[in-house]
Amino acid sequence: MSKHIAILGSTGSIGTQTLEVVEANPDLFVIDVLTANTNVDLLVAQAKKFQPNVVVIACEDKYQQLSEALKDEDIKVYAGSDAIAQVVSMSSIDVVVTAMVGYSGLLPTINAIKAKKNIALANKETLVVAGEIIQKLALENCVNIYPVDSEHSAIFQCLIGEFENPVEKIYLTASGGPFIGKDRKFLESVTSKQALKHPNWDMGAKITIDSASMMNKGFEVIEAKWLFDLKPEQVDVIVHPQSIVHSLVQFEDASMKAQMGLPDMRVPIQFALTYPKRVKTSFDRFNFLDYPKLTFEPADTKNFRNLALAFEAMNKGGNMPCIINAANEVMVEAFLKDQVGFLQMSDIIETCMQKASFIAKPVYDDYVASDSEVRLLAASLL
């Protein structure tokens, strides 16, 4: 029986690769909903090809263009972030792939969980901002959250069959990004063009900048804490430039498990959609002889301070991860527009962490208020 899929953020990197997986397995999946932020042309092409029930464009100014382009198709067309948050409740949907970038993915994910839809989670900010609320809702609604990030998928795969065995520690691997080994003097003059050239992974602009600054890995640390019910001291990061070992789990008997493979996001995407089954693919296979050396080194939290700030936010808890996420989103947007330096991003994020209102036991409305407060604060510090 086919699974009916909603893809939030279908025109982005994860969204387009999810559609590749769907196209390769037409007997397994049916597309019910596609949403995008502003990319009307690609959304139209996807809609005509996959014939979903519904498409939604977040940017309401693009509604007319989208509606006109799909007027001859039997597809419902909506616009606005409220519409995205609502369509996830459609009765026909089995799995919601949350591939939206940033804080915008939080409310649709919450609504999807309340509607008892399983989640293929690619939007790490959802758990970074409101991990406690998300996990509580998932438990209450008997919803499974399947990680799509390669690192969290790796941990998930290593834990299969080990649910009764306590985890001692997990190690998230990091490629180190395009600036691995560079000192502060070099990083002071880094441009957005340089930062967008990731050595191993093909990702969207925001995630690529986060990877270069190590904030992406910091967010993955916080996400892992919530996904796998870990204490902060049980999560560590190790730099692995080849991106072959996607992450490792250490158990109480000192044994370790690692999940390996060539860098290809379609692998964790497909596993999240087909779990517990593994479905044959034509993807490239890893050959040990092509990689005679796999290297590992400690993460550089001195020059890449975003990672240290993320650990600090995780340890403090409350709304601090929400604060760091909002400040970072403003900084990345400013960096892409050449309005702030690469190292200055960390300085302003840290200032926001010091000045923003801290709430030890936040509820959903507190996260909304914190997000708004910190965005204004971060923008004023530019």
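Student: Hi! Which side chains meet Lys124 and Asp149 in a salt bridge, I mean, what is the N to O distance there?
Tutor: Lys124 and Asp149 pair through their side chains at 3.2 Å, N to O. Bear in mind that this is a predicted model.

Student: Where do the two partners lie?
Tutor: Lys124 is in the loop between strand 6 (118-121) and helix 6 (125-140), while Asp149 is in the loop between strand 7 (145-147) and helix 7 (150-159). The pair therefore ties together parts that are 25 residues apart in sequence.

Student: Is Lys124 buried or exposed? And what about Asp149, buried or exposed?
Tutor: Lys124 is buried, at 4% relative accessible area. Asp149 counts as buried too, with 9% relative accessibility.

Student: How many salt bridges does the structure hold?
Tutor: The structure holds 17. One of them is between Glu220 and Lys217, at 2.6 Å from N to O.

Student: How many residues apart are Glu220 and Lys217?
Tutor: They are 3 residues apart in helix 11 (residues 215-227), so about one helical turn separates them. Both Glu220 and Lys217 are buried.

Student: How many residues of helix 11 are buried?
Tutor: Helix 11 is mostly covered, with 12 of its 13 residues buried. Among them are Met215, Phe219, Val221, Ile222 and Leu227, and also the charged residues Glu223 and Lys225.

Student: What span does helix 11 reach from its first C-alpha to its last?
Tutor: Helix 11 reaches 18 Å, close to the 18 Å expected at 1.5 Å a residue. Asp229 follows the helix and has a positive phi, near 55 degrees.

Student: Back to salt bridges. What does Arg305 meet?
Tutor: The side chain of Arg305 meets that of Glu350, with an N to O distance of 2.2 Å. Arg305 belongs to helix 13 (residues 305-316) and Glu350 to helix 15 (residues 342-355), so this pair ties together parts that are 45 residues apart in sequence.

Student: And how accessible is Arg305, and how accessible is Glu350?
Tutor: Arg305 is buried, with a relative accessible area of 19%. Glu350 counts as partly exposed at 25% relative accessibility.

Student: Which residues do salt bridges with shared partners join into one network?
Tutor: That network joins Glu20, Asp264 and Arg266.

Student: How many bridges does strand 12 make with strand 9?
Tutor: Strand 9 (residues 235-239) pairs with strand 12 over 2 bridges, in the antiparallel sense. Val239 stands opposite Glu297 there.

Student: What about strand 10, how many of its residues are buried?
Tutor: In strand 10 (residues 245-251), 7 of its 7 residues are buried. Strand 10 runs antiparallel to strand 8 (residues 167-174), with 5 bridges joining the two. Across that pairing, Lys169 stands opposite Gln250.

Student: And how many bridges join strand 10 to strand 11?
Tutor: Also antiparallel, strand 10 and strand 11 (residues 256-260) are joined by 5 bridges. Val245 has Met260 as its bridge partner in strand 11. The hairpin of these two strands has 4 residues between them, and Ala254 there takes a positive phi near 80 degrees.

Student: Now the core. How many residues are in the largest nonpolar core?
Tutor: The largest nonpolar core has 120 residues, and those with the most contacts inside it are Leu66, Ile170, Leu273, Ile324 and Phe342. Helix 14 (residues 320-336) gives the largest share of this core, 11 residues.

Student: What does Leu273 touch?
Tutor: Leaving aside residues up to four places away in sequence, Leu273 touches several residues, including Lys3, Ile5, Phe29, Val95 and Ala120.

How values were computed. Residues are numbered from 1 along each chain as its sequence is written. This is a predicted model: local features need pLDDT of at least 70, side-chain atom pairs count only at pLDDT 80 or more; totals for chains, interfaces and linings use all residues. Side-chain values use heavy atoms; hydrogens and water are left out. A nonpolar core is a set of buried Ala, Val, Leu, Ile, Met, Phe, Trp, Tyr and Cys residues joined through side-chain atoms within 4.5 Å. Buried means under 20% relative accessible area, exposed over 50%, partly exposed in between (1.4 Å probe, protein chains only). Contact means heavy atoms within 4.5 Å. A salt bridge is a side-chain nitrogen of Lys or Arg within 4 Å of a carboxyl oxygen of Asp or Glu. Two strands pair if DSSP finds at least two bridges between them. The expected span of a helix is 1.5 Å times one less than its number of residues.
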